[in-house]
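Open the structure in your viewer and keep the selection tool at hand. The stops below follow one another from strand to helix to loop.

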Amino acid sequence: MAFSSFENDNDEMLSEINMIPLIDVMLVLLIVFIITVPVMKHAVNIDLPRASNERSQDKPETIRLSVDADGGYYWNAEKLDDTEVFNRLALAGAQDPQPELHIRGDKAVRYERVTQAMAAAQRAGVRKIGFITEPSP
């Protein structure tokens with residue numbers, strides 16, 4: 001800032017930097033650092049014990065049963081005939097924990113083929129059945 005001097009009559013400008021705001025800012029920063037440094041360092045050094053936890057329950061397997069446009073069944077991308085699919089559904093229904101069955105049906109397939117797979121899963125005792133669809137735009 002520039003201040004004019006009343007003592008000098010020769011219109012000279014006195015230019016000085018006001019240091020008071022800078023000192024105030026530095027003091028505030030110093031106080032902030034003094035307060036935060038002890039928080040960042042732990043005051044008590046403790047040797048913590050080590051323990052391992054066991055998984056309480058395994059996540060069940062997910063089975064993808066796809067029905068293509070021709071009515072063919074795919075068990076996790078493996079093409080199978082009707083009897084083999086029904087046999088595998090029976091094995092899946094007997095497992096513990098029971099796997100989740102995700103049915104993906106082509107939009108051009110007859111609805112009957114999807115309902116046959118659902119009925120076979122119900123007869124086999126599969127309780128977790130979901131349908132996979134594409135989101136609409």
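This is a predicted model: local features need pLDDT of at least 70, side-chain atom pairs count only at pLDDT 80 or more; totals for chains, interfaces and linings use all residues.

The bridge partner of Leu 65 is Trp 75 in β4. Now widen the selection to β3, residues 62–67, and β4, residues 73–75: these strands pair in the antiparallel sense over three bridges. Another pair to pick out is Val 67, which stands opposite Tyr 73 in β4.

Now show the whole sheet. It is open and has five strands, in the order β5-β4-β3-β6-β7, with mixed pairing. The edges are β5 (78–80) and β7 (129–131); each has a single partner strand, so one side of each is left without a neighbour in the sheet. From one strand to the next, the twist averages 30 degrees.

Within α3, select Arg 113. Is Arg 113 buried or exposed? Its relative accessibility is 17%, and buried means under 20%, so Arg 113 counts as buried. Leaving out residues up to four places away in sequence, Arg 113 touches Val 67, Gly 71, Tyr 73 and Asp 82.

Go from Arg 113 to one of these contacts, Gly 71. Gly 71 is in the loop between β3 and β4. The hairpin of these two strands has five residues between them, and Gly 71 takes a positive phi near 95 degrees there. Gly 71 counts as buried, because its relative accessibility is 5%. Apart from residues up to four places away in sequence, Gly 71 touches Val 109 and Arg 113. Draw a distance between the C-alpha atoms of Gly 71 and Val 109: they are 5.9 Å apart in space, although the two residues are 38 apart in sequence.

Turn now to α2. Its 13 residues should span 18 Å at 1.5 Å a residue, and the end C-alpha atoms are 19 Å apart, which agrees. Colour Val 85, Leu 89, Ala 92 and Gly 93, which are buried. These four cover an arc of only 95 degrees around the axis, which puts them on the same side of α2. An α-helix has 3.6 residues a turn, so residues three or four places apart point the same way. What covers the buried residues of α2 includes β3, β4, β5, β6 and α3. On the other side of α2, select Thr 83, Leu 91 and Ala 94, which are exposed.

The last stop is Gln 98, in the loop between α2 (82–94) and β6 (100–105). With a relative accessible area of 6%, Gln 98 is buried. Which backbone atoms does the side chain of Gln 98 reach? One is the backbone oxygen of Gly 125, at 2.7 Å. Another is the backbone nitrogen of Arg 127, at 2.8 Å. Display the contacts of Gln 98, not counting residues up to four places away in sequence, and you will find Pro 60, Ala 92, Gly 93, Gly 125, Val 126, Arg 127 and Lys 128. Ala 92 and Gly 93 are also among the buried residues coloured in α2.

Definitions and conventions: Residues are numbered from 1 along each chain as its sequence is written. Side-chain values use heavy atoms; hydrogens and water are left out. Buried means under 20% relative accessible area, exposed over 50%, partly exposed in between (1.4 Å probe, protein chains only). A polar contact is a pair of N or O atoms within 3.5 Å; within protein, one must be able to donate a hydrogen and the other to accept it, and residues adjacent in sequence count only if both atoms are side-chain atoms. Contact means heavy atoms within 4.5 Å. Two strands pair if DSSP finds at least two bridges between them. Axes are lines fitted to C-alpha atoms, for helices over the stretch in contact, and angles run from 0 to 180 degrees between N-to-C directions. The expected span of a helix is 1.5 Å times one less than its number of residues. The arc is that of the directions from the helix axis to the C-beta atoms.
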